[in-house]
Structures are given as structure tokens and as C-alpha cells.
Amino acid sequence: MNEKDIAKKLSSLKDITPSSQRIKRMKEGIFREIDGKKVHEKNPVWYARYQFLMRPQYLLLVLLLIVVGVFSISTMQKNIQPVIFSARIALVNNHYEKAKLAFEEAQTQLNSINDSDLSSYQQVMETTTTTNAYISHLQLQGEKGKYTKEQCKNLYQKYALYLSTLNHHLQEEKQFTYEATIVNYQKQAKSRLAFYKT
Amino acid sequence: MQDKKAYFGEVYETYVKQIFRFVFLRVNNTQKAEDITSETFLRFWRKIEQGNYIDNERALLYVIARGIIIDYYRSKKNIREVKLEEVADDKQFTNDEIIEKIYLNEKISKIYKRLATIKKEYREIILLRFVEDLEYAEIASVLGKKEVAIRVLLHRAIATLKGIL
């Protein structure tokens, strides 16, 4: 049996062909896929997935969510600020550092005070009270070696100046509610400063 | 793009029958043969679309089809489908297609069963050479072997076929 004989014997297999209907159907399917792919390339996957968001009702919802999100973040920042402040104070290990941190915060708040907003005065006063509490606890004997008399004197000098500025500012804005408190703090500061100057 | 499509259309018309037959003789299921043939031409289109140089369309189509068939057999659940079709169960085809399938099954039952008794490697070469009419170089390309090796294997396959056909 040579190659020609085999070819002849197997020739009937060559009659195996798909029907014209099948050929047509396959071609249509392939071209549909090819054309479909071109559309797909124009519109990336993310576009196809989130295209529904372009509808007006979804667009409105998305905008609403963005507004709520921005508002929540700003509110959260306001609420979280005192927590961060308290945490920073709690982390330092002596009264000088605590007083210094509280004083810096009070100064920052005073510099950015909003005259038309009464709550901002209240906030400054709260921080000032905290500062006063920590600065009053400065004691060279109990925390020996952690800070010096000179450091305490400098801090009190700045604090006295700050109280004077705050008092002046409050009087200008006719905010007399806190006057007595500030005068009291000023007296304490004067007395302590005299001690550290000796 | 239109030129590429026109070229692809010509290739399809020229080789679709051969590729379908090549696939059918290996999967023995007209629907699966249709799916694999379609997938073969789609992959061929992607190569055209990507601007790949195609030296021999026919050889490339056989290479692609063979790869898909191998993947098909690798899937365990598909292996169960390798059997002569139950024509009576096929209600989705037109009469013309059912006649076509009966005809195909007769061919399979007479010749393919005899071919099934020889080594798969020999059967592959015999079909590519005598049914698909591929040149030695094309068979080498499809099977990923050297042309000399194909000549040797074909010689042995013919010797094995003596007395079977």
C-alpha cells in the first residue's frame, strides 16, 4: 500500500463538510464578536460597569453622597481636634511639656479666633484654663531634672503676655464674661513669675 | 480595518470547511466542532488585528485549532462527550443539519474506527497529510516537529496502516 492507495481510502473523509447554514451561522457569530469587540474597546470596562451612574437620579445621589461626605469629614476634624490635643498632652511625661503644649494650642486658637463666632471665644477660654492648670503644676522639686527654673520663667513670661493680649482682645470685642477669670489667671501668673525671677 | 476584515473574510471562506473537518475528526461532535472552529477563526482574527505577520494562513489555522482541541481534551468533563453523537437527541438543528450529521456519523463509523486502532501520533500525521492535504513543512509546523521527523513518522504510519485499511 503506497501513499496514493491511502489517499484514496481516506478520500471519503474529505467529504465531511459543515452545511452552508452552519458556515453562515459561524461567520455571522464571528463577525458579531469582532464588531462587538470594537465597541468594547471604545468603552473601557470601568465605563461599562459604572455607566448606570450617568443617569440623573444616580448622579444626584452621587452628588448628595459627596456633599454629605465632605460635611462629615469637616465635622469629624472639629470633633477629633480636642481628642488629638488631649492625647498629645497625655503622652508627654512632665508638667512643663504639658503646659507648653497647652499654651501653644491656646496661642494658635487665639491667632485664628473668629470675632463673629462666640463659640470660638469659649474654645480659647477652655484651652487657656487647661494651660493655666498645667502651668500651675510646674514644680521644680517634684520633677527635678526634667526642666529648669529658667525654662519655667520663660514660659510664664510668654503666658503673661498671652493673657494680656487675650484680655485686650476680649475687651475690644466687648466680651466681658471671661474678664474675671483672665484677671485671676494674670494674678497667678504675676505671682509665679516673681517666684521664678528670684 | 476594512482591508483586514476583507482579508479575514477571504481566509474564512477558503479554509472554514477544512478547519471544521479537522476539528470534527478530533472531537466527533458537530456543535463542539462549530464552537472550536469559530474560536479558531476568532483567534486568527486577533492576530490580524494585532498586525502580526502571517506567513502561511492555513498552517496557522491548524496550529490554532489543534491548540484549542488540546485544551478541550484537557478538561475532564469534556472527555465524556467524546462519543458518536446521538442524533435523535438533537432537536435544535434543522433537517438539513441532521442529515449532514447522519452522513458524518456513517463516515466516522467506517473509517475513523479503523484509524483509531493505530498510534495517535501516526493517526494525526495520516489525517493531516491525506485528508487535510498539508505539505510536510506545514505538518511540521502544526505538530511542532522537524520536517525530517515528519517524513520518518509518516513512513512508519503508512507501514502500520497496511492491513488495517
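In this predicted model, 26 residues of chain B are in contact with 23 residues of chain A. Several elements of chain B give two or more residues each to the side that touches chain A, and they are listed below with their residue ranges.

| Element of chain B | Residues |
|---|---|
| α1(B) | 2-27 |
| α2(B) | 30-49 |
| α5(B) | 95-115 |
| α6(B) | 120-131 |
| α8(B) | 147-161 |

Which element supplies the largest share of this side of chain B? That share belongs to α1(B), with seven residues. By residue type, the side of chain B that touches chain A consists of 15 nonpolar, eight charged and three polar residues.

Chain A has 198 residues, and 18% of them are buried. Of the contacts in chain A between residues at least 6 apart in sequence, 63% join residues at least 24 apart.

One residue of chain B has a backbone feature to note. B:Asp133 is not a glycine, yet has a positive phi of about 60°. Where does B:Asp133 lie? Its place is in the loop between α6 and α7 (136-143) of chain B. Is B:Asp133 buried or exposed? There are 12 other C-beta atoms within 10 Å of B:Asp133, and because a residue with 12 or fewer counts as exposed, B:Asp133 is exposed.

Conventions
Residues numbered from 1 in each chain as written. Chains lettered and ligands numbered in written order. Predicted model: local features only at pLDDT ≥ 70, side-chain atom pairs only at ≥ 80, totals over all residues. Contact = placed C-beta atoms within 7 Å. Helix = DSSP H or I, 4+ residues; strand = E, 2+ residues; numbered from the N terminus. Nonpolar A, V, L, I, M, F, W, Y, C, P; charged D, E, K, R; others polar. Buried ≥ 20, exposed ≤ 12 C-beta atoms within 10 Å, placed from the backbone.
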